[in-house]
Amino acid sequence: MVGFVVGSSFSVRRVAGARCNVSGRRYAQAEASVDTEKATQLENLQKLTVIVEDTGDFETIRKHKPVDATTNPSLIYSAASMDQYNALVATAINYARKSAGTREEQLVVARDKLSTLFGAEITKIVPGYVSTEVDARLSFDTEASVAKAYELLRMYEEAGVGKDRILIKLASTWEGLKACEILEKDGVSCNMTLIFSLAQAAVAAEFGATLVSPFVGRILDWNKKEYGVESYAPEEDPGVVSVKNIFNYYKCYEYKTIVMGASFRNMDQILQLAGCDRLTIAPKFIEQMRNSNDEVVPRLEMPDANLCALQPKLATDEASFRWYMNEDRMATDKLSEGIRGFAKDSRSLDEKLFAML
């Protein structure tokens with residue numbers, strides 16, 4: 001069992017069509033031995049953790065049958081560039097032309113409509129949540145982020161999809177976290193993304209976020225580059241350790257926020273987090289597990305009282321949050337980099353759509 005490290009990365013929370021009791025099921029199942037002769041590695045992992053697929057491709061989702069699915073600007077741009085989705089793109093363009101005046105106004109509408117069209121199709125395939133991201137360029141504007149969330153939900157409603165099926169995805173800046181607080185109080189479920197520190201996760205849980213997404217692989221990337229380390233032992237991987245810290249913190253303080261590990265670089269990271277509330281996994285790793293019969297060992301367990309006694313509850317006011325982030329260079333660097341990356345992908349999608357208007 002790993003201890004807590006203030007300022008290191010982490011993530012996850014309980015999500016699904018309803019906020020199900022994952023822990024009771026998970027630990028009861030963990031006591032039973034896994035029949036590796038009959039079950040695939042993916043099936044073995046699913047006995048311990050809810051699997052979410054990180055893709056916008058419908059056929060891949062149908063093949064792998066995850067509970068939930070996540071999307072982001074990168075995935076939407078990639079999917080929108082595939083010939084099989086030309087009809088969805090055309091629908092978004094036609095909708096925008098009828099709904100807005102200038103081409104610039106039409107572009108905003110087309111972008112939002114396309115995201116919700118993809119999300120609406122995915123809700124027909126998965127039984128749980130679909131995450132839809134608020135434009136990363138709004139990450140430092142609480143009011144605009146809230147307004148965008150409601151606009152996305154309005155478009156989902158037009159498509160016959162209720163807000164109970166959607167997770168609004170927001171960057172975990174202070175402004176994004178405040179937007180989450182406002183939305184959750186109004187019954188809108190949020191997925192706080194780009195989590196790289198315990199400080200971010202603590203505020204997200206305190207503000208009632210439905211789910212947090214700690215980015216395991218990106219934390220590893222930063223540490224390898226910063227310290228000139230070629231590799232880490234799987235159990236010492238900084239990204240893995242950060243998720244375990246968040247998981248333990250949430251369980252010790254009885255937060256119901258779901259921890260969903262994300263951004264994996266290798267299978268070891270995934271397997272080291274077996275037992276986490278949720279894991280969002282790229283199609284290539286899901287396919288790899290479907291073709292394996294290797295066993296999966298539970299790695300995350302409910303922390304005991306002695307471990308919980310070692311972790312003080314973090315302050316979640318704005319000044320404390322900003323100080324924690326100031327002191328955590330990795331979290332600050334990766335949060336900024338992540339926002340810039342998603343914004344860049346949004347601009348690429350904008351260029352594609354603008355040319356069609």
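The buried residues of helix α9 pack against α8 (174-185), β6 (190-195), β7 (211-214), α11 (238-252), α15 (318-327) and α16 (329-354), where contact means heavy atoms within 4.5 Å and buried means under 20% relative accessible area, exposed over 50% and partly exposed in between (1.4 Å probe, protein chains only). Helices (H or I, at least four residues) and strands (E, at least two) are DSSP runs, numbered from the N terminus. This is a predicted model, in which local features need pLDDT of at least 70 and side-chain atom pairs count only at pLDDT 80 or more, while totals for chains, interfaces and linings use all residues. Residues are numbered from 1 along each chain as its sequence is written, and side-chain values use heavy atoms, with hydrogens and water left out.

**Helix α9**
- Because 8 of the 9 residues of α9 (residues 198-206) are buried, this helix is largely enclosed by the rest of the structure.
- The buried residues are L198, A199, Q200, A201, A202, V203, A204 and A205.

**Cysteines**
- The count comes to 1 disulfide, a pair of cysteine sulfur atoms within 2.5 Å.
- This disulfide joins C252 to C308, with an S to S distance of 1.9 Å.
- The pair links distant parts of the chain, C252 in helix α11 and C308 in helix α14, 56 residues apart.
- C252 has 18% relative accessibility and therefore counts as buried.
- C180 is in no disulfide, and the nearest cysteine sulfur, that of C190, is 4.2 Å away.

**Residue P298**
- P298 lies in the loop between α13 (283-290) and α14 (305-309).
- P298 counts as partly exposed because its relative accessibility is 26%.
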